[in-house]
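Trainee: Before I plan anything around this chain, could we go through the model together?

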Amino acid sequence: MSKTARGIAAGVALMAVLTACGGSDDGLDAFRGDGDKPPVTLTPDMVRTALPSKASAPKGFQGDDIDVEVGDEAVEACSESTEANCGGLLSMGSTDFDTDDSGAGSGDSSDYNGEVVFGIMAFQSPDDARATYKAVVAEERGKAEKDGQKAKLVKIEAGAEETEAFEDADGETMVMMRIGSVVAVVNGDGTFVAKPDYDALAKLQIDRLKKTAQGINPDA
């Protein structure tokens, strides 16, 4: 074996040992599970905790109340909004962030009424989440590309396992992410004077999900 090949083999072995002993450092271990623990499944309370709170609203935004639905009501709401069968869904929650127009001065406040909706769907397993995630992506892309319009890709690097994001011709932006058994969406309505940083908003959501899965209160 050449010196280069021995170096590569040693590096692979070291990575295997580090992964087995300490896990990864991307915050996804709880969602992946291991031999002793299954992938984490979010309870309704965890969904509520993981959604961005009023206290966590970024500068320029005002948070709203959080709504969480469970059981058949959650499945019905999910199916109506995504056109998917939402099999294995346990609960879903959402909250709105409106543009804070308190500093808009004498201008017309209607010019500052942009809204971002955060949504979380918690499933029994990663496979259940993956199936609905694919359906949501297909549905939203179809809406964005209706009548021959082309969706504009939006770059998102929030640390999810799967991510799709694009903007339609009217400026509405949809970010869809899957992390383990959870599907998270961030949807901006396109009426903002200054377009939000959707990458930062997506990271806010994913970071809160990771902390919640680890038993950490994101607002602490």
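Mentor: Let us begin with confidence: pLDDT is the predictor's confidence in each residue, on a scale from 0 to 100, while helices (H or I, at least four residues) and strands (E, at least two) are DSSP runs numbered from the N terminus. This is a predicted model, in which local features need pLDDT of at least 70 and side-chain atom pairs count only at pLDDT 80 or more, whereas totals for chains, interfaces and linings use all residues. Residues are numbered from 1 along each chain as its sequence is written, and side-chain values use heavy atoms, with hydrogens and water left out.

Trainee: In which helix is the confidence lowest, and in which is it highest?

Mentor: Over the chain the mean pLDDT is 84, and 83% of the residues reach 70 or more. Over residues 3-23 the pLDDT is below 50, and beyond near neighbours in sequence this stretch has 4 contacts in the model, a contact being heavy atoms within 4.5 Å. Confidence is lowest in helix H1 (residues 3-22), with a mean of 39, and highest, at 97, in H3.

Trainee: How many helices and strands does the chain have?

Mentor: Read from the N terminus, the order of elements is α-α-α-β-β-α-β-β-α-β-β-β-β-α. The count therefore rests on DSSP runs, and it comes to 6 helices and 8 strands.

Trainee: Which strands pair with E3, and how many bridges join E3 to E4?

Mentor: Two strands pair if DSSP finds at least two bridges between them. Strand E1 (residues 61-63) pairs with E3 in the antiparallel sense over 3 bridges, and glycine 63 has phenylalanine 97 as its bridge partner in E3. Strand E2 (residues 67-70) also runs antiparallel to E3, with 4 bridges, and there valine 70 is partnered by serine 91. Serine 91 in turn stands opposite alanine 122 in E4, and the number of bridges that join the antiparallel E3 and E4 is 9.

Trainee: Is serine 94 buried, partly exposed or exposed?

Mentor: Serine 94 is found in strand E3, and its contacts beyond four places in sequence are Leu51, Asp65, Ile66, Asp67, Phe118 and Gly119. One of these, aspartate 65, is 29 residues away along the chain, with 8.6 Å between the two C-alpha atoms. Buried means under 20% relative accessible area and exposed over 50%, with partly exposed in between (1.4 Å probe, protein chains only). Because its relative accessibility is 29%, serine 94 counts as partly exposed.

Trainee: How many residues of H6 are buried?

Mentor: Helix H6 (residues 198-213) reaches 23 Å from its first C-alpha to its last, close to the 22 Å expected at 1.5 Å a residue, where the expected span is 1.5 Å times one less than the number of residues. The cover over its buried residues includes helix H2 (29-32), helix H3 (44-50) and strand E3 (89-99). Among the buried residues are Tyr198, Leu201, Leu204 and Ile206. H6 is mostly covered, and of its 16 residues the number buried is 12.

Trainee: What residue reaches the backbone nitrogen of aspartate 199 at the start of H6?

Mentor: Beyond the helix, H6 is followed by glycine 215, whose phi is positive, near 80°. At the start of H6, the backbone nitrogen of aspartate 199 has within 3.2 Å of it a side-chain oxygen of aspartate 197.

Terms used. A polar contact is a pair of N or O atoms within 3.5 Å; within protein, one must be able to donate a hydrogen and the other to accept it, and residues adjacent in sequence count only if both atoms are side-chain atoms.
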